[in-house]
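This report describes selected structural features of one protein model. The sequence and structure are shown first, and the description follows.

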Amino acid sequence: MAGPHLQQPSFLLATLKADCVNKPFAQRCHDLETVIEELPAKELHGIFPWLVESIFGSLDGIIVGWNLRCLQGRTNPNEYSVALDFLDPSGPMMKLVYKLQAEEYRYDFPVSYLPGPVKASIQEQVLPECSLYHNKVQFPSSGGLGLNLALNPFEYYMFYFAISLITQKNSPATHHVSPSNSAYFILVDTYLKCFLPTEGSVLPPPSSNPGGAIPSPTPRSPAVPFSSYGMHHTSLLKRHIAHQPSVNADPASQEIWRSETLLQIFVEMWLHHYSLEMYQKMQSPHVKESFKPTEEHVLVVRLLVKHLHAFSNSLKPEPLSPSAHSHTASPLEEFKRVVIPRFVQEKLYIFLQHCFGHWPLDASFRAVLEMWLSYLQPWRYAPEKPPQSTEPLPRSVSDKWAAFIQENLLMYTKLFVGFLNRALRTDLVSPKNALMVFRVAKVFAQPNLAEMILKGEQLFLEPELVISHRQHRLFMSPTLGGSFLSSRSPAVTDASFKVKSHVYSLEGQDFQYKQMFGAEVRNLVLKLAQLICQAQQTAKSISDHSAETMASQSFFSWFRFTPSEVNGSYTGNDLDEIGQDSIKKTDEYLEKALEYLCQIFKLSEAQLTQMMMKCGTAQDENGKKQLPDCIASENGLILTPLGRYQIINGLRRFELQYQGDTELQPIRSYENAALVRLLFRLSSQLNHRFADQMEMLCSRDDFVGRLCRYHLTNPQLAQKIRHSPVMRDRTSQHWGPRISLRFLASYRTLISLLMLYFLASWFYVGPVGCTFIILTGYFLYAVIMTFFFEGWKPHEH
């Protein structure tokens, strides 16, 4: 959307719009590059808002634009490379941005599309703390309905680029696209490396001006009265650019305003969807979510976190002489020093808290988990390389990271407790869930990390001197007077005060801290360890069951029901579909996770042995199947909360078997319904007509009697019917020796018969010969099963 002072759409704009319909993508980009190179900024000014919207899509998501989130090199290599070249920091689009920046044009961005807390703050005429919005809010002219931000071309471009990750709806093709390979993901990485470099300085913007400098944004008078919470702080760009003539602008200052603006836009658009007040309200399960991040969104935020760690860790060591600092430290170096605590920490913490509390309990949480673990390990992105070692021992976390851990204590402790609560509600038999528990345990088990976290907790729990609320806000508020490049805050030597300030600034003065190494969290860890033991045994039982099933399968088993089919029982879960390799991985993940948890929380072997004994008490005599946790009462077994959890997540179950007449079982999904009913009528007629003859055959003591008893009787059912009038009434009319033809209604039986028929036809046996082969095979199978199960024991009358 352009401001009201823009001209009406020109002939150039109409031509470009027509080209979007009539010309291929590569040709359009080439023509745009020519237009940008040849035309002056005055003519390009009118097409800039349309061009930005045509690339990134409209703010309401109706116009898709170039659909950069679905554009990949493997599926569309030509458009992929053309789009990346056009939007590159040194490409035609950025040249257009800088050309317009030189003329100090402004473009309106509607406040209604800003993140919720920012929008609410501006609509209430309260100035947001982020300097990105200062001096930019304006009322619409001629009685318009909404507030707008007056943005310079660089801000306008980056606002659209960042918010397109949020506003553009997922298309059906998005679900089949790897986000890390999309053009959007690559552009985010490219912009971060360009404007937040880990080596050297930011490249100066290309310019056609004789002076070679692009004027920076100038301060504007606020168009509406604002009441700010906290003290106003001058942004970095105001201090270093606003009071300098644009012609003689310092190159270092030029890189600073673009770097700070880019980071602020990314953080605001991607993380600032929950304020502290909103976060505290969201703790209630009855509050409806206002914003739901996607997995792709989280992956992009993780990319930002990883790069900011690398950017911050590229800070040059401070000189030994204090007086040398003011002469040698560049604005970019100062920016690296405070980039994470000042711009990212609070918003990322609230964002992660929301994800931990509201993300679905499925494998997609892995993206959130890895983003959290990336933030917790800045040492992974440090420039120094680990020392070469012949032994593959885990690398110890250096003591120099103690300050980072203490100043981010809640990121480690409270979010760890949040993960424990999630893990206790997930199915740890699933390999993906087991992997997440393993990843967290492995990270926290790094040598020296648990000790530094414990030290941070001890600092927080130290008896504190009386700290007034005003002092607390003065120290930790992100709205300190002046830029972070102004005179530094006095060095705070009290580490305990730093930790307390960090915790209270994020959670408030009334926050009741739950110690990570306290008794309450330790009990949660013990519960998790117990669930890990149970999940290991469940995985082992599934593995054994699968192995037995595979071993018991034979050619003739296709012609009869297996015991599990007759009883309708099924003990598997997703592991049955994944296979034995994943079952083995699950066991390995859980075993290592348990080992790491023991290292972190100093769990003794006696405690583990006791847990293993508790896990084994519910096993049956074969040591394989476990009943859910129950309490015996007068009315039978009553499920405990743990037992309900075990049933819901498939960890344990009751063995339920069909104990009535097998002929009257419900029709199964693997049976043909019409055949089941037809064969039931046929077998009923045969049983009624030949009942006396079958009774006589089954009463014989020779081999024929044994053969008939095995295949025509069900002793267990007959015994139950004799002692249960209810079952006698519900059973079919004849419960003595009888013929059952229901197995012929099974789809696999039908398929087997067809296979045999075609096989017989192949050898020119014919239908009669085929029928003879089938009957002969079934007779041999019946004889073998009779010998195997009946033996030569005499018949008991």
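## Accessibility and individual residues

Buried means under 20% relative accessible area, exposed means over 50%, and partly exposed lies in between, with a 1.4 Å probe and protein chains only. At 48% relative accessibility, Q610 therefore counts as partly exposed. Q610 lies in helix 27 (residues 605-616); helices (H or I, at least four residues) and strands (E, at least two) are DSSP runs, numbered from the N terminus. Q610 and Q530 are separated by 80 residues in sequence, and their C-alpha atoms are 9.6 Å apart in space.

D19, in helix 1 (residues 11-22), is buried, with a relative accessible area of 13%. When residues up to four places away in sequence are not counted, D19 touches R28 and D31, where contact means heavy atoms within 4.5 Å.

## Basis of the model

The model is predicted: local features need pLDDT of at least 70, side-chain atom pairs count only at pLDDT 80 or more, and totals for chains, interfaces and linings use all residues. Residues are numbered from 1 along each chain as its sequence is written, and side-chain values use heavy atoms, with hydrogens and water left out.

A nonpolar core is a set of buried Ala, Val, Leu, Ile, Met, Phe, Trp, Tyr and Cys residues joined through side-chain atoms within 4.5 Å. The largest such core has 177 residues, and those with the most contacts inside it are L87, Y157, W270 and W372. Helix 15 (residues 331-358) gives the most to this core, contributing 13 residues. Leaving aside residues up to four places away in sequence, W270 touches A162, L165, I166, Y184, V188, H297, V300, V301, L304 and F351.

Helix 6 (residues 92-102) is largely enclosed by the rest of the structure, because 9 of its 11 residues are buried. Among the buried residues of helix 6 are P92, M93, M94, L96 and V97. After helix 6 comes E104, with a positive phi near 60°.

## Helix packing

Two packed helices are described by the angle between their axes and the distance between the axes. Axes are lines fitted to C-alpha atoms, for helices over the stretch in contact, and angles run from 0 to 180 degrees between N-to-C directions. Angles under 35 degrees count as roughly parallel, over 145 as roughly antiparallel, 65 to 115 as roughly perpendicular and the rest as oblique.

Helix 16 (residues 366-376) packs against helix 19 (residues 431-444) at an angle of about 5°, with the axes 11 Å apart. Helix 16 is therefore roughly parallel to helix 19. Their contact is made by R366, L369, E370, W372, L373 and L376 of helix 16, together with L435, M436, R439, V440, V443 and F444 of helix 19. By class, this contact has 9 nonpolar, no polar and 3 charged residues; Ala, Val, Leu, Ile, Met, Phe, Trp, Tyr, Cys and Pro count as nonpolar, Asp, Glu, Lys and Arg as charged, and the others, Gly among them, as polar.

An open sheet of 3 strands has the order 1-3-2, with antiparallel pairing; two strands pair if DSSP finds at least two bridges between them. Strand 1 (107-110) and strand 2 (137-138) are the edge strands, each pairing on one side only. Strand 1 pairs with strand 3 (residues 148-151) in the antiparallel sense over 4 bridges. F109 stands opposite L149 in strand 3.
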